[in-house]
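Colleague: I have this chain open and would like to go through it. Can you take my questions as they come?

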Amino acid sequence: MDVWYQCEIPYPNVAKDVLDRAPSVRGSLPNRYCDPKIAADLFEECIDEFLLCDDRGLNVVAIEHHAGINSLLAANPMLVAILARQTRKARILSLGTLITLRPDPVRVAEEYATADVISRGRLEIGFVKSGGSEMASSNMSAIDNGWRYWEAIDLISKALTSHDGPFSWEGQYFSHRHVNIWPRGYQQLPRMWSATGDASTSRDVGRRGMVHALVLRGPEGTKAAFAANRQARVDAGLPAQTTDNFAYAALVAVGETEEEGMRLGEKLLWFLNTSMKSAPQFGKFLPGGAPPEAAPMIYRSRRAPDTPTPAGMKPSIGGALIGTTPHQAKAQGILFAGTPDSVYKQIMDFYNFVGGFGHLVMIGRSGPMTHAETEKSINLFSREVLPRLKAIAPVQAGFNQ
């Protein structure tokens, strides 16, 4: 199993009374509350943590969000380029540039190819469907988001793998008369990931053979999405995949004692309990933001406890998880926290329940966690947990189903 370190570089320095009054901390909180000197310090600390991971044998992840305190990483390619030059061993996963918000996928392909060359072939490319506040911040429509998503991926893939001169592209959403990127990537095509949990997209990811990543979905949601992925390959007559095609992302905090690990885990939950606060216009009421079958769940202020979740749909991550305690988060499989032995056991219990995965994305810093606390957790994890996970070889996915 490979382990990837992720920090979204959040900004936890806005006063509580401001956060309490604000209807949303994503999309509309004025940036006058962001002190650029504090932001500069946060970037310096977090990039140093990525470099520590490179030294300790962990891979690294660069994400992207827009217009909110949950992340200062609005320009994914900039961090990817920094990591490509400053790291030496780690593979670098861009998870990723929000391609449905970018008007020109060919430009995205150029950015990826350049970073792949700078890193000498250590880049991996992850695609994420854009969220509601990102749609608003980029003046984009959610109605055709899924279709733009796949067409952009196809165009980027072709741009990265075409080496015999210009080609043209006439698609439903993108039109290019002349595509011929320089430089070409260091790799023929970096491995591609897709982060999704809904059944339809999970099936598409399975048919395409991409790495299927689930983020904070818990055991039941992850198991169902992975199963949809595998079944799609069976239905299409494609060969079965190994666990190397599956990934899970969770909050991870390691301490010398169980109490220390849980204390750090509570700080990590700022990611859910504070930075998830989003106004309705950025979520459930955004036209096209959810398929029709989700209407009974999202167009009510509160869903009755006995109302079944529509087939293939999961409760809103933000709405469902705000207010989660560390013990609840552990029980839900979205937080692995405690001593090294305890964290390893939690990961393996989850691994066995969902049918295996070959990649763990550890969200290792958020909220009020300090640089020193983060480095200590990284060091404990890399020294006492990572070697045991690295010893787990790929096996056929769904082995326990």
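Modeller: Start with a salt bridge: Asp 2 pairs with Lys 390, and the closest N and O atoms are 3.2 Å apart. Keep in mind that this is a predicted model.

Colleague: How many salt bridges does the count give?

Modeller: The count comes to 22 salt bridges. Another one joins the side chains of Glu 124 and Arg 191, at 2.9 Å from N to O.

Colleague: Which parts of the chain does that pair of Glu 124 and Arg 191 tie together?

Modeller: Glu 124 belongs to strand E4 (residues 123-128), while Arg 191 is in the loop between strand E6 (175-179) and strand E7 (192-195). The two parts are 67 residues apart in sequence. Glu 124 is buried, because its relative accessible area is 1%, and buried means under 20%. Arg 191 is partly exposed at 28%.

Colleague: What about Glu 256 and Lys 376?

Modeller: Their side chains meet in a salt bridge as well, at 3.6 Å from N to O. Glu 256 is in the loop between strand E9 (246-254) and helix H9 (258-268), and Lys 376 is in helix H15 (residues 371-384), 120 residues apart. Glu 256 counts as exposed with 55% relative accessibility. Lys 376 counts as partly exposed with 31%.

Colleague: Changing topic to helices. How many helices and strands are there?

Modeller: The chain has 16 helices and 11 strands. Two packed helices are described by the angle between their axes and the distance between the axes. Helix H7 (residues 199-208) packs with helix H8 (residues 218-235) at an angle of about 50 degrees, and their axes are 7 Å apart.

Colleague: What does that angle make H7 and H8 to each other?

Modeller: They are oblique to each other. The crossing of H7 and H8 is right-handed. On the H7 side the contact includes Ala 199, Ser 202 and Val 205, and on the H8 side it includes Ala 225, Ala 228 and Ala 232. By class, the contact has 5 nonpolar, 3 polar and 3 charged residues.

Colleague: And how do H3 and H4 pack?

Modeller: Helix H3 (residues 76-86) and helix H4 (residues 105-118) pack at about 15 degrees, with axes 8 Å apart. That makes H3 roughly parallel to H4, since angles under 35 degrees count that way. The crossing of H3 and H4 is left-handed.

Colleague: Now the loops. Where is Leu 72?

Modeller: Leu 72 is in the loop between strand E2 (59-62) and H3. It is buried, with a relative accessible area of 19%. Leaving aside neighbours within four places in sequence, Leu 72 is in contact with Glu 8, Ile 9, Tyr 11, Ala 39, Leu 42 and Phe 43. Leu 72 and Phe 43 are 29 residues apart in sequence, and their C-alpha atoms are 8.4 Å apart.

Colleague: Which residues are joined by a cis peptide bond?

Modeller: Leu 95 and Gly 96 are joined by one, with omega about -25 degrees. Trp 182 and Pro 183 are joined by another, with omega about -5 degrees. Pro 183 is in the loop between E6 and E7. Most residues other than glycine have a negative phi, and most peptide bonds are trans.

Colleague: What is phi for Ala 67 and for Leu 216?

Modeller: Phi of Ala 67 is near 60 degrees, a positive value, and Leu 216 has a positive phi of about 55 degrees. Ala 67 is partly exposed at 38% relative accessible area, whereas Leu 216 is buried at 4%.

Terms used. Residues numbered from 1 in each chain as written. Predicted model: local features only at pLDDT ≥ 70, side-chain atom pairs only at ≥ 80, totals over all residues. Heavy atoms only, no water. Salt bridge = Lys/Arg side-chain N within 4 Å of Asp/Glu carboxyl O. Helix = DSSP H or I, 4+ residues; strand = E, 2+ residues; numbered from the N terminus. Buried < 20%, exposed > 50% of the residue type's maximum accessible area, 1.4 Å probe, protein only. Axes fitted to C-alpha atoms, helices over the stretch in contact; angles between N-to-C directions. Parallel < 35°, antiparallel > 145°, perpendicular 65-115°, else oblique. Left-handed = near helix turned anticlockwise from the far one by under 90°. Contact = heavy atoms within 4.5 Å. Nonpolar A, V, L, I, M, F, W, Y, C, P; charged D, E, K, R; others polar.
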